[in-house]
Amino acid sequence: MRGIVWFRRDLRLTDQPALTAACEECEEIIPLFVFDEGLLRSRVFGSACVNFMLGCLEDLAASLAARGLTLQWRRGEPVEEVVTAAREWKADAVYWNRDYEPAALLRDRAAQLKLAEQGVRVRTFKDHVVFEADEVRGVTGEPMQRYSAYRARWWTRWQAMKPAVWPIPRALTSAKTSPVKALCPLPSPAAFGYDHLTPWIEPGERSARKRLRSFVEGPIHRYVDGRNQPSINGSSKLSPHFRFGTISARTAIHAALDSLTAGGPVSRPDVLTWIDELIWREFFQQVLAAFPRVVEGPFRTVSVPPSREPGPERDRLYRAWCDGQTGYPIVDAGMRQLNETGWMHNRVRMIVASFLIKDLRLDWQCGERYFMQRLVDADVAANNGNWQWCASTGTDAMRGYRIFNPALQSRKFDPDGAYIREYVRELDGVASKWIHEPHLMTTDEQIRARCGIGRDYPSPIIDHQQARREYLDLAKQQVTR
Ligand SMILES: Cc1cc2nc3c(=O)[nH]c(=O)nc-3n(C[C@H](O)[C@H](O)[C@H](O)COP(=O)(O)OP(=O)(O)OC[C@H]3O[C@@H](n4cnc5c(N)ncnc54)[C@H](O)[C@@H]3O)c2cc1C
C-alpha cells in the first residue's frame, strides 16, 4: 500500500500519530508538505513565524533523508495540491493529524470529500492536543468555559488514560518513498515575500528536544517564581515548537512528570504549575473548537468601555505602542523584544495587552492582529484566547476592572530593569531608581544618565492614572446603562 503523510503543524518524527499509522499500514510512504499560498500571502503570519517554520521543515527533511525518505513539497491551494498529489502518485491513503482552527477544519473537510471521490482512504489522528474538545466536557456534556473546572477534569482524564508517547516508527527506515521525483531544496522566505531572519529560537525537532531536556533538568523546578521574571531564562521558550509540532504536548508533560523522579533538587508545585500552562493551551484550543465565532469578535458582549474612535489620535497611539515608543519602559521593552526577536515574555504580553486595551483604549483586535503578524509562536487559539482574557471579553476572562499599572508591574518583575535595559538601550545609563519611570528624572539626572526625556526617549504618551480613572468611569457608565 502507498500512503501520503500530509505534514502540517506536526513537523517531527517522534510521537507522530499520522506517521506511525502510515508506517504500520503502508510499504511506501510519501511525506508531503503544502505551502498554502493564500495563507502565506494574506500576511496572517509574519517573517518570524515563516522563517521558523522553514527551519523546522529543513530539519524534518534532513531527518527523513537520513532514513532514505524525501520530503516532497508543493505550493498552492492545499486541497487541490493534496488531491492532485494523491492522483499523480497513485496513493491509496492520505494520513494527517487534526487541526482545530476554523479555516483548517473547512480545508480538511473539503480534502476528505475530494479524496473519497477519488477512492483514496483518509485517516486522521489526534495530535495537537492531549485531549480534544469532546474528551473534556462539563457535567452535562457542554463545552467548558471556566479554566479551573476544565483543569480539574483534564487531570482526571490524564490520570485515567496516561496517554502514551510513540517512538519514531521502526518501519520508517524500511519504507520507500514511491517513485516521485526528488525535489529541489525547500523555498526561501523570499519566495513568499518575507525577509530572511535567523530565528531567535532554534527551529526543528532536535532543538525542541534539547530545549525540553535542559528545561526539565533545571528551570522547571523554579518555574513559579522564574516564569514571571522576563530578564531570566525562567520559562521553556517552547511555544513555537508546540505551535509547529516539533514536540508534542504529550512528550513534554511526560518529561516534566518524569523529572520529579530524577536526581537533584526537584519541586512538584513548580512542575505542576508548568503543566497548568499547557492545560491553558488545551483550554483555548477547545474554546476555539467549540466556539469558532471567537475569531470574529468578543465571546461575551459584556459591558466593557468602547474603544477609541478611529482618527489621527488613535493612529498615533497605536503606532507608538507597535514601535515601543510609549514612554513606559516595560511596555516599550516588550514591544521591541517582539519586533526584534518574534517572541515576548508572557508577563510582558499581559502588560502590553492591558496597556493597549485599558490605558490607550484601543480595540483589542488590533493588538491581536499585530501579535499574529509578529509572534514566532503565533497561534489563533492561544492568541485570541489570551487577548480576549486581557480584554475581559473571553470565556474565562481577567476581571473587567483590573488594570495593570505598568510601573508597578515593572518594579515587581524587573526590579533592576535588566530586561528593560536589554531592549530599550537608550535607558542603559539610567539608575535603577528611575528605570521604571524615567520621565520623573530631573534635568541633572537626565544629563548624568545621558538620556534626555522627550529627546532620546519619549515622555509617556498617556498618563496612566488619568487613563485608569477614565476607563473606570466609562466602565461604570456601561454598567448603569
Ligand atoms: C496577549 C497574549 C497573546 C498570546 N499569544 C500567544 C500565541 O499566539 N501563541 C502562544 O503559544 N502563546 C500565546 N500567549 C501565551 C503565552 O504568552 C506564551 O505561550 C508563552 O509566553 C510562551 O513562552 P514559553 O514557551 O516560555 O512558555 P512556558 O511558560 O514555558 O509554558 C509552556 C507552554 O504552555 C503554553 N502556554 C503558556 N502560557 C499560555 C497561555 N497563557 N495560553 C496558552 N498557552 C500557554 C505554551 O504552549 C508554552 O510554550 C499569549 C499570551 C498573551 C497574554
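I began with the backbone of Lys-237: one of its polar atoms is 2.6 Å from an oxygen atom of the ligand. The model I am reading is predicted.

I then looked up Asp-379, where a polar backbone atom is 3.1 Å from an oxygen atom of the ligand. For Asn-386 I checked the side chain, and an N or O atom there is 3.0 Å from a nitrogen atom of the ligand. I also looked up the ligand's area: it exposes 820 Å² when taken alone, and the protein buries 97% of that.

Next I listed the surroundings. I found 26 residues around the ligand, and Tyr-223, Ser-235, Ser-236, Lys-237 and Asn-346 come nearest. By type, I noted 14 nonpolar, six polar and six charged residues in this shell.

Which helix gives the most to the shell around the ligand? I found that α11 does, with five residues.

Last, I asked where the ligand lies relative to domain 2 and domain 3. Domain 2 (129-164 + 205-290) and domain 3 (312-476) both give residues to the shell, so I placed the ligand between them.

How values were computed. Residues numbered from 1 in each chain as written. Predicted model: local features only at pLDDT ≥ 70, side-chain atom pairs only at ≥ 80, totals over all residues. Heavy atoms only, no water. Near = heavy atom within 4 Å. Polar contact = N/O pair within 3.5 Å; in protein donor to acceptor, adjacent residues only side chain to side chain. Areas by Shrake-Rupley, 256 points an atom, 1.4 Å probe, with all protein chains shown as cover. Helix = DSSP H or I, 4+ residues; strand = E, 2+ residues; numbered from the N terminus. Nonpolar A, V, L, I, M, F, W, Y, C, P; charged D, E, K, R; others polar. Domains from an automatic or database assignment.
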